[in-house]
Amino acid sequence: MVAAGLKPVADLAPVAIAIDGVTKRFGGLTALENVTADINDREFVSILGPSGCGKSTLLRILAGLVGCEEGGIDIFGGRVSGPRDDVGVVFQTSNLLPWLNIEANLRLGLEIRRGKAVARAADIGPMVETLGLKGFEKHFPHQLSGGMRHRVAIGQTLLCDPRVLLMDEPFGALDALTRDRLNMELLRIWQRDAKTVVLITHSIAEAVLLSDRVLVMSERPGRVIRDVTIDLPRPRDPSKTRESAAFGEYVVELSRLMGVG
């Protein structure tokens, strides 16, 4: 049994995202039912659940891309009624524009949100270095590997400097080795910038490695059935963290909650 289980009653960090009784229906199908959770500022929270439980739907509601029939979501005290400039989203597919080179794709989010002048003036060099893309700025998406295209998509979002980063299984289609490498990149970026991150994933080990907390959802209609605190020291070294006994205990406990242990 994992020593840390349910979410602590009190936490000193302010709430960044308040999910209050969210219910979402598609015709006669209830995708989400009374989903309630708080996510603190600068916290990394993963959401686990079976396929079809509404994880991606919840993320789209958080992003303001779709609405809900009941309940609501506040981000930093403001009710979500549409996309927000302080919220960035990374999807499973990189969605880069094939006719733009990597530098132009990186600047695209800034251009859309803040205009061409801001995008052109932005110093993207540090982000290119951080993501290991130096020397590929003039390449086009088809010339990059899948992992590199995902790095560009993450960089495109991070250059807009959102306070909240929403990620919908961004590494789900990648091979295990590339996924591990990108997990290390994401962990390093979060530990440096400490943004509020919500990650949708099917990987229990990925959730344990990256997260402060893991929300476990039920079968459809999706509800949060457990909020598990991951009490592992930070900063986390992926190799050493995976080798620890506590890491294995969390994986076993979450596997049991997911019905696979």
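Across the interface of domain 1 and domain 2, four residue pairs are in polar contact, both residues of each pair being at pLDDT 80 or more. A polar contact is a pair of N or O atoms within 3.5 Å; within protein, one atom must be able to donate a hydrogen and the other to accept it, and residues adjacent in sequence count only if both atoms are side-chain atoms. The model is predicted: local features need pLDDT of at least 70, side-chain atom pairs count only at pLDDT 80 or more, and totals for chains, interfaces and linings use all residues. Residues are numbered from 1 along each chain as its sequence is written, and side-chain values use heavy atoms, with hydrogens and water left out.

**Domains and their interface**

- Domain 1 comprises 15–57 + 164–170 + 195–260, and domain 2 comprises 92–162; such bounds come from an automatic or database domain assignment.
- The centres of the two domains, taken over C-alpha atoms, are separated by 27 Å.
- Seven residues from domain 1 and seven residues from domain 2 take part in the contact, where contact means heavy atoms within 4.5 Å.
- About 600 Å² is buried between domain 1 and domain 2, and carbon and sulfur atoms give 57% of this area. Buried area is the accessible area (1.4 Å probe) that two parts lose on being put together, summed over both.
- On the side of domain 1, the most area is lost to domain 2 by L165, P170 and K195, which together account for 61% of what that side buries.

**Charged pairs**

- One salt bridge is counted between domain 1 and domain 2; a salt bridge is a side-chain nitrogen of Lys or Arg within 4 Å of a carboxyl oxygen of Asp or Glu.
- The side chains of K195 and D161 form a salt bridge, with an N to O distance of 2.7 Å.
- The side of domain 1 that touches domain 2 has four nonpolar residues, no polar residues and three charged residues. Here Ala, Val, Leu, Ile, Met, Phe, Trp, Tyr, Cys and Pro count as nonpolar, Asp, Glu, Lys and Arg as charged, and the others, Gly among them, as polar.
- The structure holds 16 salt bridges, including one between the side chains of E103 and R107 at 3.2 Å, N to O.
- E103 and R107 both belong to helix α2 (residues 102–114) and lie four residues apart, about one turn of the helix.

**Overall fold**

- Nine helices and 10 strands are present in the chain; helices (H or I, at least four residues) and strands (E, at least two) are DSSP runs, numbered from the N terminus.
- The C-alpha trace spans about 50 × 45 × 35 Å along its principal axes.
- The radius of gyration of the chain is 18 Å, which agrees with the value near 18 Å for a compact globule of 261 residues. This radius is taken over C-alpha atoms, and the globule rule is 2.2 Å times the number of residues to the power 0.38.

**Backbone features**

- R220 and P221 are joined by a cis peptide bond with omega of about 0°, and P221 lies in the loop between β9 (213–217) and β10 (224–229).
- A cis peptide bond also runs from R234 to P235, with omega near 0°; P235 is in the loop between β10 and α8 (238–243).
- N34, in strand β2 (residues 29–40), has a positive phi near 50° although N34 is a residue other than glycine.
- D161 is not a glycine, yet its phi is positive at about 55°; D161 lies in the loop between α5 (146–158) and β7 (164–168).
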